[in-house]
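Hi,

Here is the structure I said I would pass on.

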Amino acid sequence: MKIHLVHAKSGKDLATIDDLDSSTYIIEVKKRYQKIKRHLYPARQALKKGNKRADKALHDSDTLEKHGIKDGDKLYFKDLGPQVGYTTVFLAEYTGPLLTYLLFYLRPPLVYGSAAADKPMDLAVHLAAMCWSFHYIKRLLETIFVHRFSHATMPILNLFKNCGYYWGFAAFISYFINHPLYTSPSFGVLQIYISLTIFMFCEYGNYSIHAALRDLRSEGSTERKIPYPTGNPMTSLFNLVSCPNYTYETVLWLAYAVMTQCLPVLLFTLAGFYQMAVWAIAKHRNYRRDFIDYPKGRKAIVPFLL
């Protein structure tokens with residue numbers, strides 16, 4: 001059995017891979033092509049059965065038989081470009097905001113001048129630094145010990161885009177919250193502690209969802225399952241939305257914005273919500289397409305609305 005690899009954009013014939021059978025995995029086809037083009041390691045290759053924009057890349061663990069690929073058929077190839085591991089990207093994009101924020105908080109004279117050393121910090125400033133540090137330390141620990149990624153790599157350009165986004169907003173936010181002229185929230189400690197409580201509640205909810213998603217997939221597996229609430233009551237939000245981790249993430253940053261009464265935090269929250277909504281809608285659509293018994297009452301990210 002042989003198949004022909006064709007360039008997805010130009011339609012140019014690239015190679016013919018022979019000595020295959022219906023039980024051959026897609027990853028084996030990629031490895032065979034790498035022997036022809038040494039720089040195209042498997043993670044850099046995307047193979048599709050069709051050449052339309054809506055056609056999805058075939059999973060490495062799929063067999064040719066699963067997709068009805070027969071002798072003489074074509075697979076369409078796309079070069080995804082240089083790749084970098086998901087874990088590497090996550091560690092980089094989360095370490096930066098942690099260190100950047102702490103620089104502004106712990107060494108204000110380096111940023112605002114020597115006079116800032118004698119300025120007392122408001123309670124909200126100290127709690128904001130604690131919450132920020134807790135959030136990104138949690139993110140780092142989840143990256144190492146909790147997350148199981150469905151894809152091993154992403155385009156290396158994403159490393160610079162993601163770090164620019166997170167590191168840039170960290171500097172923007174920390175500059176204003178730790179500024180010597182920062183003023184206490186309008187409603188004082190009541191506003192601070194109510195917001196702090198909501199923030200920590202949503203942090204736990206966010207972790208609970210990540211842990212539930214981890215348990216859906218055994219280590220090394222790319223199998224997808226429908227997520228349902230577990231024994232942890234924080235996961236009951238799965239009854240309402242497909243991506244409750246994004247819901248908790250949005251609310252915790254809203255609480256942080258109220259606690260600090262800082263406009264840059266609100267802008268960060270809105271930007272993050274927009275991106276998470278895009279991801280959630282795509283995941284929700286994929287769930288509904290791939291699972292005929294997917295719960296019909298769920299929304300993507302905002303209960304009853306979106």
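Let me start with V111, which sits in helix α3. Keep in mind while reading that this is a predicted model. V111 counts as partly exposed because its relative accessibility is 31%. That residue belongs to a nonpolar patch on the surface, made of L103, L110, V111, F172, Y175, F176, L254, L263, L266, L267 and L270. Together they have about 970 Å² of accessible area. Which of them gives the largest share? That is α8, with four residues.

Now the overall picture. The protein has eight helices and six strands, and from the N terminus on the order is β-β-α-β-β-β-α-α-α-β-α-α-α-α. Along the principal axes, the C-alpha atoms fill a box of roughly 75 × 45 × 30 Å. Of the 306 residues, 42% are buried. If you take the contacts between residues at least 6 apart in sequence, 75% of them join residues at least 24 apart. The protein exposes about 16,800 Å², and 61% of that area is supplied by carbon and sulfur atoms.

Strand β1 (residues 3-7) has two pairings I'd point you to. With β2 (residues 13-17) the pairing is antiparallel, over four bridges, and L5 has A15 as its bridge partner there. Five residues lie between the strands of this β1 and β2 hairpin, and G11 takes a positive phi near 80° in it. With β4 (residues 74-79), β1 runs parallel, and four bridges join the two. In that pairing V6 is partnered with Y76.

Then the charged pairs. Side chains of opposite charge can pair when their charged atoms come close, and the count for this model is 10 salt bridges. Here are the ones I'd look at.

- K138 and E142 form a salt bridge with an N to O distance of 3.3 Å. They are four residues apart in helix α4 (residues 123-145), so about one helical turn separates them. Are they buried or exposed? Both K138 and E142 are buried. They are also linked with E203 in a network of salt bridges.
- R214 and D215 form another, the closest N and O atoms being 3.0 Å apart. R214 is partly exposed because its relative accessible area is 22%, whereas D215 counts as exposed because its relative accessibility is 55%.
- R289 and D290 meet in a salt bridge too, at 2.9 Å from N to O. R289 counts as partly exposed because its relative accessible area is 46%, and D290 is also partly exposed, with a relative accessibility of 36%.

Cheers

Methods. Residues are numbered from 1 along each chain as its sequence is written. This is a predicted model: local features need pLDDT of at least 70, side-chain atom pairs count only at pLDDT 80 or more; totals for chains, interfaces and linings use all residues. Side-chain values use heavy atoms; hydrogens and water are left out. Patches are made of residues with over 30% relative accessible area and no salt bridge: like charges are joined within 9 Å, nonpolar side chains (Val, Leu, Ile, Met, Phe, Trp, Tyr) within 5 Å. Accessible areas come from the Shrake-Rupley method with a 1.4 Å probe; for residues, only the protein chains shown count as cover. A salt bridge is a side-chain nitrogen of Lys or Arg within 4 Å of a carboxyl oxygen of Asp or Glu. Buried means under 20% relative accessible area, exposed over 50%, partly exposed in between (1.4 Å probe, protein chains only). Two strands pair if DSSP finds at least two bridges between them. Contact means heavy atoms within 4.5 Å.
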